[in-house]
Amino acid sequence: MAKIKAFIFDLDGVITDSAEYHYHAWKNLASELGINIDREFNEKLKGISRMDSLERILVHGNQQDRYSEKEKEQLAAKKNDEYVTLIEQISEKDILPGIATLIDELKSHGYQLAIASASKNAPAILSYLGIKEKFDAIVDPSTIAKGKPDPAIFLEAAKLLKVEPDACVGIEDAEAGIESINKAGMFSVGVGSEEAMKEAHYYVTSTAELSLEQILKEVEKANV
Ligand code: B16
Ligand code: MG
């Protein structure tokens, strides 16, 4: 592995926990369609794009053939309208433990920082958190043909930073995200359970445990 020059972050589940807001907005929409979803089902929507999330909900309610593409677009837009209102409550206090310190430490050491999130609302969320200007690049997911686990979004982040993939560390909380980082040829850091993060080069169970020193030691050890 080359000398690390950049850190690429997933947003939801790594920098902040917006999953709860996605859950409320999807639950309300699903219930209008006569479909019930619970928190366990919501786990399967993490890291999944808006339209793919809607598809999964429709399949769950056995309504996969009920709506036209245009109607599905309208349903997804309705969910997003509620989500956009809900995330207005997000503020600095919603940054996950240890993340603000890690970002500052990375900046002070001169690392490049980017966001590789499936969310089209990522720039708004980063603004509410007060940390948008700390990132050198935010990938626009609408420019990415294939979502995670495809490596495209992480490769695009490296390209925007003008850094080779093997000089990047990617940080993710979703299995599909870890797969995406690994396929991109980057060093993967997972946040989550041992089971969910088994493919990560290194993992921690909480963002509070993330430290630059430890990550660099693990990169050295792994020699990937
Ligand atoms: P939006 P991440 C993902 O964010 C969320 O985990 C997922 O639940 C959501 O459907 C997706 O963004 C798209 O979000 O509807 O705001 O475009 O984990 O990739 O940061
Ligand atoms: Mg995530």
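Visitor: What does the side chain of Asp10 make a polar contact with?
Guide: The side chain of Lys148, at 3.0 Å. A polar contact is a pair of N or O atoms within 3.5 Å; within protein, one must be able to donate a hydrogen and the other to accept it, and residues adjacent in sequence count only if both atoms are side-chain atoms.

Visitor: What sort of model is this, and what gets counted?
Guide: It is a predicted model: local features need pLDDT of at least 70, side-chain atom pairs need 80 or more, and totals for chains, interfaces and linings use all residues, while side-chain values use heavy atoms, without hydrogens or water. Residues are numbered from 1 along each chain as its sequence is written, with chains lettered from A and ligands numbered from 1 in the order written.

Visitor: Back to Asp10. Where does it lie?
Guide: Asp10 is in the loop between β1 (6-9) and α1 (19-32). Helices (H or I, at least four residues) and strands (E, at least two) are DSSP runs, numbered from the N terminus.

Visitor: Is Asp10 buried or exposed?
Guide: Asp10 counts as buried because its relative accessible area is 5%. The cut-offs: buried is under 20%, exposed is over 50%, partly exposed is in between (1.4 Å probe, protein chains only).

Visitor: What is Asp10 in contact with, beyond its sequence neighbours?
Guide: Leaving out residues within four places in sequence, Asp10 is in contact with Ile15, Ala116, Ser117, Lys148, Ile171, Glu172 and Asp173. Contact means heavy atoms within 4.5 Å.

Visitor: Now Asp12. Where is that one?
Guide: Asp12 also sits in the loop between β1 and α1. Its relative accessible area is 17%, so Asp12 is buried.

Visitor: Which residues does Asp12 touch?
Guide: Asp17, Ser18, Ala19, His22 and Asp173, not counting residues up to four places away in sequence. With Ser18 there is a backbone detail: the backbone nitrogen of Ser18 lies 2.9 Å from a polar atom of the Asp12 side chain.

Visitor: What does UniProt's "active site" annotation cover?
Guide: Asp10 and Asp12, in an unreviewed entry. UniProt positions follow the numbering used here, feature names are shortened, and annotations may be inferred rather than shown by experiment.

Visitor: Tell me about Asp173. Where is its place?
Guide: In the loop between β4 (168-172) and α8 (175-183). Asp173 is buried because its relative accessible area is 19%.

Visitor: What is Asp173 in contact with?
Guide: Ignoring neighbours within four places in sequence, Asp10, Asp12, Gly13, Val14, Val191 and Met197.

Visitor: New topic. How many helices and strands are there?
Guide: There are 9 helices and 6 strands. Helix α9 spans residues 212-222 and holds Glu218.

Visitor: Is Glu218 buried or exposed?
Guide: Glu218 is buried, at 12% relative accessible area. Glu218 touches Phe187 and Tyr202, not counting residues up to four places away in sequence.

Visitor: What about the whole protein: what does its C-alpha trace span?
Guide: About 50 × 30 × 30 Å along the principal axes. Of its 224 residues, 46% count as buried.

Visitor: How do the contacts run along the sequence?
Guide: Among contacts between residues at least 6 apart in sequence, 61% join residues at least 24 apart.
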